[in-house]
Amino acid sequence: MERHLKLNLVKLRKSVAGFSLNPKLTDSDSAPTLSFQLSSPFQLTSLTPTTVFLRFPSVSFGKIKMDISITGNDGKNKICIDNLIAARKSLKLSLEKSKILGLALEKAGPRLEEINQRLPSLEAAVRPIRADKDALAAVGGHINRAVGPAAAVLKVFDAVHGLEKSLLSDPRNDLPGYLSVLKRLEEALRFLGDNCGLAIQWLEDIVEYLEDNRVADGRYLSNLKTSLNGLRELQNDGERIHLDGGLLDAALDKLENEFRRLLTDHSVPLPMSSPSLGEQACIAPSPLPVTVIQKLQAILGRLIANNRLEKCITIYIEVRSSNVRASLKALDLDYLEISVSEFNDVQSIEGYIAQWGKHLEFAVKHLFEAEFKLCNDVFERIGLDVWMGCFAKIAAQAGILAFLQFGKTITESKKEPLKLLKLLDIFASLNKLRLDFNRLFGGAACVEIQNLTRDLIKSVIDGAAEIFWEIFIQIELQRQIPPPKDGSIPKLVCFITEYCNKLLGDEYRPILTQVIVIHQSWKHKKFQEMNLVNEVLKIIKAVDLNLETWVKAYGDGSLSCLFAMNSHWHLYKHLKGTKIGELMGDAWLKEHEQYKEYYAAIFLRESWGKLPGHLSREGLILFSGGRATARDLVKKRLKTFNEAFDDMYKKQSGWVISERDLREKTCQLVVQTILPVYRSYMQTYGPLVEQDASSSKYAKYTVQGLEQMLLSLFQPRRERYGSFKGRPTGSKFDNGVDLRRTASAVV
């Protein structure tokens with residue numbers, strides 16, 4: 001029986017996978033006890049062996065003693081059968097119990113497998129029990145010191161996310177409050193930035209301690225080290241977005257938008273009227289209210305603290321330069337884009353040059369002055385270099401460079417006398433704004449404006465000086481050119497007299513003197529105002545000499561006299577009472593007046609004064625016998641007069657007296673020379689020929705008709721002669737000769 005039971009236990013041992021069943025059968029007084037010792041394949045260093053006890057009913061499996069009394073075969077058989085029946089029942093019961101035990105062990109298999117899976121974690125949990133006693137005693141302090149900074153960081157991190165709602169709202173509703181919350185966020189992020197690394201270092205130290213002293217499971221430590229490495233990488237890459245999820249950048253973007261909105265809403269183009277700007281009484285005040293400037297400064301403070309200054313400057317330049325351009329748009333400044341190839345000469349854009357000076361003054365004294373002040377107000381706390389650089393970019397983008405480039409374009413046009421006055425106008429405008437330019441554009445940031453301004457001034461001075469010194473040379477060259485065929489005043493004389501008067505006038509004299517002084521100083525030469533006067537007087541004397549030469553160039557004496565009369569009267573009339581007239585002196589002026597009278601008398605005597613002689617009364621005796629003879633003489637003399645008159649009128653009808661007063665006076669003298677004689681002659685002898693059939697051949701002109709013809713003489717042709725303001729746009733005078741001696745010639 002015992003053997004059979006042991007065989008069954010061996011089978012049970014094999015049926016439980018992964019466990020060793022060590023059965024042991026013991027006897028007791030009450031019942032036999034079968035014990036199983038389970039040996040796990042895992043090393044259970046902290047657990048005692050697990051023992052499963054199975055207790056069977058009271059059946060003795062010890063040595064079976066059977067006492068058989070020999071009282072007879074029947075008695076023996078009976079006892080034997082009873083014992084066998086009892087043994088059979090006992091074995092049957094044991095088999096049933098074994099079957100029950102097998103079923104119980106079969107059910108215990110999954111439970112044992114679960115226990116087996118939980119054993120590693122249980123082993124890790126109780127591993128500190130196996131660690132060194134000192135390490136276990138110290139680990140608590142290490143953990144507390146590491147967890148403290150980490151907990152503080154997490155607390156601040158939670159506070160950061162608590163600010164999200166406020167920072168994602170619109171700053172315009174409460175800008176001071178918004179900036180205060182943003183400052184708290186910056187402080188929190190600085191704390192996180194300063195302490196996250198420290199917290200990570202503490203955690204790394206405690207992990208290293210746990211690992212060195214083997215007081216934690218290796219897999220747990222491995223996972224913890226992976227997490228800490230990830231945190232360290234995020235902390236080392238410098239991306240602040242990992243700390244706040246991009247909240248600070250979003251808040252700063254909103255502040256930038258508010259900065260732009262404040263500027264845009266309060267940047268209104270300066271109202272102005274064109275074409276006349278009038279006298280500007282004062283410099284424009286700051287274009288933004290103080291409260292707006294304070295808000296802009298507050299926003300700048302937070303943006304600068306977060307390295308957003310460049311973006312702010314870009315926004316500021318964009319908004320303010322656009323506002324200045326809008327202010328200038330009303331002035332119609334399209335002419336600033338004109339090129340040298342788009343105009344023939346300076347006169348054709350003379351009006352633009354006059355506008356340029358007024359527009360530039362307005363832009364500098366009102367628009368750029370205001371922007372200069374505003375840049376200082378908004379960016380003064382940041383530094384001079386910043387706000388000066390900001391202003392320089394606004395000025396450049398708003399149009400100051402276009403103003404300067406237009407002036408440069410004028411200097412590059414072809415040289416002509418009128419250009420000198422326009423260059424002096426440009427210099428006067430720039431000189432008037434010199435102090436403003438130095439103050440507004442004197443900083444290092446305005447180097448481009450400074451260079452262009454310097455180049456413009458140099459070009460203006462060089463061009464003006466070159467034209468001025470060239471005038472005298474050009475007048476001398478004109479001396480070799482024939483005078484006008486109609487006896488009129490040469491354009492050169494008309495132009496130079498008025499031109500020199502302007503040069504020595506109160507408007508241009510100080511400017512021209514300053515220009516020549518500067519130009520000569522570049523050559524290390526001295527020049528005084530009296531030198532300018534002498535040079536202009538030399539020009540006038542050269543013109544006077546030209547006139548004398550031209551008077552002698554005519555082949556017709558009458559035309560020569562007419563030309564001399566014209567020229568001398570022009571000089572007298574247009575220089576009397578002027579600066580040049582004062583400088584030349586009264587004697588010089590009186591001399592020209594006398595020359596005019598002299599040549600006028602010769603002109604009349606040598607031309608129209610000869611006609612009355614054809615109406616002689618000699619031999620005309622009106623008596624009955626000599627009437628026919630007298631008629632023939634009258635016809636002959638009238639015919640001679642008419643022919644002489646027609647020839648004279650035809651020849652002089654193409655001659656011109658430019659000055660109206662001289663023309664009218666000369667015509668009256670001609671009328672007074674001819675008409676009284678003709679009237680008296682026709683009254684006396686006219687009836688002799690009027691009765692003749694061919695009277696129209698001899699009484700060709702009535703007195704009134706003759707007078708009208710004479711009064712219509714010497715009229716200037718329309719637009720034939722120009723003045724300083726109204727001459728043709730070409731580079732030739734009226735005699736058709738090109739005065740451009742070289743590429744650098746004046747005319």
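This report looks at a helix pair, a leucine and some aromatic rings in a predicted model.

## Ground rules

Local features need pLDDT of at least 70, side-chain atom pairs count only at pLDDT 80 or more, and totals for chains, interfaces and linings use all residues. Residues are numbered from 1 along each chain as its sequence is written, and side-chain values use heavy atoms, with hydrogens and water left out.

## Helix 14 and helix 17

Helix 14 covers residues 417-432, and helix 17 covers residues 491-503. Helices here are DSSP runs (H or I, at least four residues), numbered from the N terminus. The two axes, lines fitted to C-alpha atoms over the stretch in contact, come within 11 Å and cross at roughly 15°. That makes helix 14 roughly parallel to helix 17 (angles under 35 degrees).

Which residues of helix 14 meet helix 17? They are Pro417, Leu418, Leu420, Leu421 and Leu424. Their partners in helix 17 are Phe495, Tyr499, Lys502 and Leu503. Contact means heavy atoms within 4.5 Å.

## Leucine 401

Leucine 401 sits in helix 13 (residues 400-411). Its relative accessibility is 18%, so leucine 401 counts as buried (under 20% relative accessible area, 1.4 Å probe, protein chains only). Leucine 401 touches Ala396, Glu448, Ile449 and Leu452, leaving aside residues up to four places away in sequence. Glutamate 448 is 47 residues away along the chain, yet the two C-alpha atoms are separated by 8.7 Å.

## Aromatic rings

The structure holds 24 aromatic pairs (Phe, Tyr or six-membered Trp rings with centres within 6.5 Å). Phenylalanine 645 and tyrosine 649 form a stacked one, 6.0 Å centre to centre with 15° between the planes (stacked means under 30 degrees). Both residues are buried.

Definitions and conventions: Axes fitted to C-alpha atoms, helices over the stretch in contact; angles between N-to-C directions. Helix = DSSP H or I, 4+ residues; strand = E, 2+ residues; numbered from the N terminus. Parallel < 35°, antiparallel > 145°, perpendicular 65-115°, else oblique. Buried < 20%, exposed > 50% of the residue type's maximum accessible area, 1.4 Å probe, protein only. Phe/Tyr/Trp six-rings, centres within 6.5 Å; stacked < 30°, edge-to-face > 60°.
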